[in-house]
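Subject: Structure handover

Hello,

Below is the structure I said I would pass on to you. My notes on it follow, sorted by topic.

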Amino acid sequence: MKSAPGSSSARAIAASVLEVEDLRVSFPHGRADRVEVVKGVSFSMSRGEALAIVGESGSGKTMTSLSLLGLVPKPGDMRAARLMVDGLDVTALGKREWPAVRGKNIAMVFQDALSGLNPVRTIGSILVEAIRRHQGLSTDEAKELAIKTIAAVGIPEPAARFGVYPHQLSGGLRQRVMIALAIVNRPSIVVADEPTTALDATIQAQILELLQEMVTDAALILVTHDLGVAASICDRVAVMYAGRFVEVGPVDAVLSRPRHPYTAGLLAAVPRFERQRKALIPIPGSPPSPDDVGAGCPFQPRCARAQDRCAVERPPLEVLDGHPVACWNPVPR
Amino acid sequence: MTEPLLRAQDVVVKFKVGRRELTAVDHVSLDVGRGETVGLVGESGSGKTTFGLAVMRAHDLDEGRIVFDGTDLSGLDDRRLRPFRRRMQMVFQDPFASLDPKMKVGAIVSEPMRVHHTGTSEEIQERVATLLEAVGLPSNSVGRYPSQFSGGQKQRISIARALALDPEFLVADEPVSALDVSIQAQVIAVLEEVRQRFGLTSLVIAHDLALVYQITDRIAVMYLGQIVEEGPTDQVVFGPLHPYTASLLSASPVADPELERSRQRIVLLGDPPSPIEPPAACRFHTRCPIARPVCSTETPPLVEVATGRRVACHFAGEVGPVLEVD
């Protein structure tokens, strides 16, 4: 991968460590059709930045994140106008070229560490293999680095834990191993897809804190359904609905003063600790199915602010005094 | 004061795990007054679901009593329990697993009435229509199958079924945690509405403290099989006395950047211990931010510090409040 044309100079010039332009993921549907589950997503990230991609099931958030590592499952198809990962053009990268990038330039933390880790390998050997694949270290050096990393992610008795199998660890410790595996080759981008959803609240807090501590130099993408998790460790948030980003901006702006009616609706629908308890305001209806390709705004059927135009013309993602919002009739400031 | 509708006294439930024994519920006492909504909060392994099943007498008790409307249910056999089963119903977490995919919605909702012979088929049909309307489902739902409904709608069907026999008491175990965020509020609204309309008393079991804060009058917090704190919802949330409650409040993610910044952060060390071998004395001492030597040698009793306010901690009130934003 080091020989990819222009990669080193591109890396030196570009401030962005990740550039995504018009990313689309589709799956076959019926006989001749394809249905898009990611319908043109664009964003870029710099080192040290933490972006939350927030959405509900079916919003396309997971497919967006898998695309960045070339992991869209068959028979899915990913294409993009531009996809630069750590200065490398991966738009047309083949199946056999991805392993050199994955884990080295960009790494992933999955929701379920039990299925993300090979069950018949000890955590030490999983780490050593990952290290040796990307770094020119001897087995002993790799082992030393593995134990150091196990310790760094807060696993007690790292040398003893080197020889245990994933199932012998608790869910929280397994997720720490996943994080160790993700950071051990110092990638420029770490993608964490619902890394704490399967965990209890007190363990979730530990893992979020660990992610924040360990991923400082790289760019972090946190994929979550939980606005609270997004608020806890990210600087920016992208709200996804029906395959597209509908609002992108600083966490404070988006969560304190949302402009898109969907973002505002989500915030009004989740319980929070306010001295005066207010009734939750549900969003009526449910999200559209991906093959439902109307001309208008996909949120329009559920939207209290919808106007005539919303049913016939889809609003583009445009900067509205401050941050991008895709809405014809945004919530007033 | 009038007698509570439900009174659980010193309930103990044990499981066999291989050759060992796990005490899932360890001497838990809890009252739920008529018309009250009580929240039972805890993480996995805390015993909250097992306690809910024991209350419903869907699980046998090893010790203790469940007194419902003045009658001790603990010793009753199935036949004598039957009239009480009508009056107590349960809504489960997973609407996908709890509805028979081969039954139409009309049959699912009417089944409890048919089993208990509560009326003529016209009366039953009428009741089904009322219930579907109450949970916000269209009347033509009766002829459709569960698979034709979304997760939120399935949970509405479960709620309608739970209300079929006009119960007084409803246990809801994680009623919205399997649903998408935008749908959760819909189901919470339905639960609130039917609670008022049918005058229900309820026990809501959940891991999500913010959700429980939203819908309950009182909260009990469980850790490794025991209640560690109990009190009026406002007091528990804004003035937690037990360090575990404080840490849960600190850990529950809230979509409020200002609160995220201002609230006290307490990140507990380590994992919850195994309920098979709980720590001696105070079970929380291995993870507690303020534990002292006495915590590992003496069990703190659950003491009433004010009316309806109980806590089990040698140093109650030393941590918290964590949520003050004003």
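The contact between the chains takes 37 residues from chain A and 34 residues from chain B. On the side of chain A that touches chain B, the elements giving two or more residues are α9 (201–214), α10 (227–233), α11 (251–256) and α12 (261–269) of chain A. Of these, α9(A) gives the most, with 7 residues. Sorted by type, the residues on this side of chain A are 18 nonpolar, 12 polar and 7 charged. Please keep in mind that this is a predicted model.

Chain A, strand β8

Strand β8 (residues 189–193) of chain A has 5 of its 5 residues buried, so the strand is largely enclosed by the rest of the structure. In general, the side chains of a regular strand alternate between the two faces of the sheet. In β8(A), I189(A), V191(A) and D193(A) point one way, while V190(A) and A192(A) point the other way, and all are buried.

Which strands pair with β8(A)? One is strand β7 (residues 106–109) of chain A, which pairs with β8(A) in the parallel sense over 4 bridges. Here M108(A) has V191(A) as its bridge partner in β8(A). Another is strand β9 (residues 219–224) of chain A, which runs parallel to β8(A) and is joined to it by 5 bridges. In this pair, A219(A) in β9(A) is the bridge partner of I189(A). To get from β8(A) to β9(A), the chain crosses through α9(A), and this β-α-β crossover is right-handed. As noted above, α9(A) also gives 7 residues to the side of chain A that touches chain B.

Chain A, strands β1, β5 and β6

Strand β1 (residues 16–29) of chain A pairs with strand β5 (residues 82–85) of chain A in the antiparallel sense, over 4 bridges. E19(A) has M84(A) as its bridge partner in β5(A). β5(A) also pairs with β6(A), again in the antiparallel sense, over 2 bridges. There M84(A) stands opposite D89(A) in β6(A). β5(A) and β6(A) form a hairpin with 2 residues between them, and D86(A) in the turn has a positive phi of about 55°.

The loop between β6 (88–89) and α3 (98–101) of chain A holds G94(A). Is G94(A) buried or exposed? G94(A) has 7 other C-beta atoms within 10 Å, and a residue with 12 or fewer counts as exposed, so G94(A) is exposed.

One open sheet of chain B has 4 strands in the order β2-β1-β4-β5, with antiparallel pairing. β2 (20–32) and β5 (71–72) of chain B stand at its edges with a single partner strand each, so one side of each has no neighbour in the sheet. Within this sheet, β1 (residues 6–17) and β4 (residues 63–68) of chain B pair in the antiparallel sense over 5 bridges, and L6(B) stands opposite F68(B) in β4(B). Helix α1 (residues 48–55) of chain B packs on the sheet and touches β1, β2 and β4 of chain B, with its direction at about 120° to that of β1(B).

Another open sheet of chain B has 8 strands in the order β6-β7-β8-β3-β9-β10-β12-β11, with mixed pairing. At its edges stand β6 and β11 (303–306) of chain B, each with a single partner strand, so one side of each is left without a neighbour in the sheet. Neighbouring strands of this sheet are turned by 20° against each other on average, direction ignored. α1(B) packs on this sheet too, touching β3 (37–41), β7, β8 (201–206) and β9 (218–223) of chain B, and its direction makes about 155° with that of β8(B).

In α1(B), 7 of the 8 residues are buried, so the helix is largely enclosed by the rest of the structure. Just after α1(B), R57(B) takes a positive phi of about 60°.

Chain B, helix α5

Helix α5 (residues 151–163) of chain B has 13 residues, which at 1.5 Å a residue should span 18 Å; the end C-alpha atoms are 19 Å apart, which agrees. Of these 13 residues, 12 are buried. The buried residues pack against β6 (88–91), α3 (105–115), α4 (121–134), β7 (169–173) and α6 (181–197) of chain B.

Regards

Key
Residues are numbered from 1 along each chain as its sequence is written. Chains are lettered from A and ligands numbered from 1 in the order in which they are written. This is a predicted model: local features need pLDDT of at least 70, side-chain atom pairs count only at pLDDT 80 or more; totals for chains, interfaces and linings use all residues. The expected span of a helix is 1.5 Å times one less than its number of residues. A residue is buried if 20 or more other C-beta atoms lie within 10 Å of its own, exposed if 12 or fewer, and partly exposed in between; C-beta atoms are placed from the backbone. Two residues are in contact if their C-beta atoms, placed from the backbone, lie within 7 Å. Two strands pair if DSSP finds at least two bridges between them. Axes are lines fitted to C-alpha atoms, for helices over the stretch in contact, and angles run from 0 to 180 degrees between N-to-C directions. Ala, Val, Leu, Ile, Met, Phe, Trp, Tyr, Cys and Pro count as nonpolar, Asp, Glu, Lys and Arg as charged, and the others, Gly among them, as polar. A crossover is right-handed if, with the strands pointing away from the viewer, the path from the first strand over the helix to the second runs clockwise.
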